[in-house]
Amino acid sequence: MLRRYLAKRLLIAVPSLLIASLIVFTLPRLLPGDAVQLMLAEKAYAKDVDELRAKLGLDRPLAVQYVEWLGRVAQGDLGESLWTRRPVLQELGQRLPITLELAFFALAFALLIALPVGVISAARADTLQDYLARSAAIVGLSVPGFWLATLLIVLPAIWWGWRPLIEFTEFSKNPLAHVAQFLIPALILGVAAGAALMRLTRSMLLEVLRQDYVRTAWAKGLAERVIVLKHGLRNAIIPVVTLLGTQLPQIIGGTVIIETVFGLPGMSRFLFDAINQRDYPVIQGVNLVVVSTIVTLNLAVDALYAVLDPRIRY
Amino acid sequence: MLRAVGRFARKKPLGALGALIVVALLLMAAFAERIAPYGYDDPIRGARMRPPSAAHWLGTDNLSRDMWSRVVYGARVSVTVGFATIALATFLATVVGVSSGYFGGAYDLVVQRVVDAWLSFPYLVIILSVMAVLGPGLLNLVVALTILSAAVNSRVIRGATIAVAQSTYVEAARALGCGHARIITRHILPNVTATVIILATIGLGAVTLAESALSFLGFGVPPPFPSWGAMLSGSGRTYMFRAPWMAVWPGVAISLAVFGFNMLGDALRDVLDPRLRGATR
């Protein structure tokens, strides 16, 4: 049963992925013709305009280009960077893990903040704790991550003369320092997502706690912990997981800024540099990987629904 | 009218605070010339990187410009981009969402798959890619942000439309022989307006935040015109250890503006549509 549900979700994901790949493919082709000339003049990517057009694959009919590109992508060939001349896939192999690690820690922080605070806020609704938590959440949603990052670098330096190292440490060199360098960036990245998740956890749990079966549970004399966590949270968690799915792209998008500020050589920074250098094969390749990652993660979120709520079967 | 405002302020003090911040922001943007003591690009002789004082409330920057004046002028960018984007995006989202939800069928299926694809991109990644094609600038910023928020909002408006379209009064209108145009304008639109207003207000906060992020990354309004995001990224970060106020105030301005929009949006949602409480961020 679970397998059939997942197969159906997979089938729905395929058209989305195809359309996304079409968007990824079309974007660089929206460039007006003289932009190619501009690239040639600015960066000297090729001998002449014709060669550059051929390199970018712009010299054949669009449909042919798209199918060919898709075919190469299916074989794992994302083209090579116009700037470094290295295969995009190889570059990504080094950079994607950094971004995923950052996103993973950010997500962990978001959940670690959102679930406990959301549960306490709902269980103690309209108390001082609740007001404090809700106000903190709104502030968390309003403060831009790049500013928070700047403050976290500047203020300790001014107050205590302590500056974080803006230098990347490999896992193989120093595992502890490697993990530690992700903690502050991930916390900043996780704050906004955590705030959104906390608000939803609170309101969903509040709704569930008003249900008749919860009153029955109280009447049976169950402990508050059991009622809130087992009867309440389990039934309130589905929309929270849905929101988690929509927060994933935001977290990965946020890595663009955080990687730039903290000097982490991840995939998003690679994309940002490629955009500034008009390195179109890289932009295409990274975008495709990002979208595929997110579609896969959303599929995992869908699978999680089925585990959390056995009634869900499409 | 005044009584309604008073009641809103009593019932939703935080919402009223949000409204106050939004009004202040609008005034700052509209009357920047009158409010700011200096021009946004006027160097003040002998006042390079001065800390906040009575003469310069928020200090001065590395080019001896008054920070308070620059923050006031910076409101223009946030307000222009925010409101222009939301106006365009709301219009687009309503057209797509209502038509998709009302007509349904193959049209809905295709439109929703395209929206799905948009939504699976991280917003910064799409916008950066679009900006790479369009180039930086105010108008392009609005276009890029519009495409994105329209996709998100159209999904919610579609949901609201489907709910309204199934109600008996719509069925009755159809039985009376009303055409699609009349049903949509007289029955569907008035009933999804609350949803649209709420989405627009909350969207203003998100768009302001996204605009500042893009300006921070260098895809916003070109200098010397100040935008809060750009003030934080360029000289603000270069001199942040020597003149921390250069990096502090623009961030305070962004946070306050977004906080105001979020608070107002939250309160409007509670008042206009209790069912949506806590449903979206």
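W159(A) is found in helix α7 of chain A, where helices (H or I, at least four residues) and strands (E, at least two) are DSSP runs numbered from the N terminus. At 57% relative accessibility, W159(A) counts as exposed, given that buried means under 20% relative accessible area, exposed over 50%, and partly exposed in between, with a 1.4 Å probe and protein chains only. Together with L152(A), I158(A), W160(A), W162(A) and I184(A), W159(A) makes a nonpolar surface patch of about 690 Å². Helix α7, residues 145-160 of chain A, supplies the largest share of this patch, namely four residues. Patches are made of residues with over 30% relative accessible area and no salt bridge, with like charges joined within 9 Å and nonpolar side chains (Val, Leu, Ile, Met, Phe, Trp, Tyr) within 5 Å.

The model is predicted, so local features need pLDDT of at least 70 and side-chain atom pairs count only at pLDDT 80 or more, whereas totals for chains, interfaces and linings use all residues. Residues are numbered from 1 along each chain as its sequence is written, chains are lettered from A and ligands numbered from 1 in the order in which they are written, and side-chain values use heavy atoms, with hydrogens and water left out.

Chain B has twelve helices and zero strands, and its C-alpha trace spans about 80 × 50 × 30 Å along the principal axes. Of the 281 residues in chain B, 55% are buried. Contact means heavy atoms within 4.5 Å; among the contacts in chain B between residues at least 6 apart in sequence, 71% join residues at least 24 apart. Chain B exposes about 12,400 Å², and carbon and sulfur atoms supply 68% of that area, with accessible areas taken from the Shrake-Rupley method with a 1.4 Å probe and, for residues, only the protein chains shown counting as cover.

A nonpolar core is a set of buried Ala, Val, Leu, Ile, Met, Phe, Trp, Tyr and Cys residues joined through side-chain atoms within 4.5 Å. The largest such core has 152 residues, and those with the most contacts inside it are L217(B) and W228(B). Helix α10 of chain A, residues 224-262, gives the most to this core, with 18 residues. A second, separate core of 15 residues includes I157(B), A160(B), V192(B) and V196(B). Leaving aside neighbours within four places in sequence, W228(B) is in contact with several residues, among them L25(B), V71(B), P250(B) and I254(B).

S215(B) is found in helix α9 of chain B, residues 180-216, and counts as buried at 2% relative accessibility. Not counting residues up to four places away in sequence, S215(B) touches G220(B), S227(B), G229(B), A230(B) and S233(B).

**The interface between the chains**

The size of an interface is often given as the accessible area lost when the parts come together. Between chain A and chain B the buried area is about 4,100 Å², of which carbon and sulfur atoms give 75%; buried area here is the accessible area (1.4 Å probe) that two parts lose on being put together, summed over both. In terms of residues, 49 of chain A are in contact with 44 of chain B. The count of salt bridges between chain A and chain B is one, and D266(B) forms a salt bridge with R199(A).

**Salt bridges**

A salt bridge is a side-chain nitrogen of Lys or Arg within 4 Å of a carboxyl oxygen of Asp or Glu. The structure holds nine salt bridges over all chains, including those tabulated here.

| Pair | N to O distance |
|---|---|
| D266(B) and R199(A) | 3.0 Å |
| R124(A) and E224(A) | 3.1 Å |
| D130(A) and R134(A) | 3.2 Å |
| R202(A) and D130(A) | 2.8 Å |

R124(A) lies in the loop between α5 (88-123) and α6 (128-142) of chain A and E224(A) in helix α10 of chain A, so the pair ties together parts that are 100 residues apart in sequence. R124(A) is partly exposed, with a relative accessible area of 35%, and E224(A) is also partly exposed, at 31% relative accessibility.

D130(A) forms a salt bridge with R134(A) and another with R202(A). D130(A) and R134(A) both lie in helix α6 of chain A, four residues apart, about one turn of the helix. D130(A) is buried, with a relative accessible area of 0%, whereas R134(A) is partly exposed at 31%. The pair of R202(A), in helix α8 (residues 175-209) of chain A, and D130(A), in helix α6, links distant parts of the chain, 72 residues apart, and R202(A) is buried, as is D130(A). Elsewhere in chain A, R86(A), E91(A) and R95(A) are linked in a network of salt bridges.
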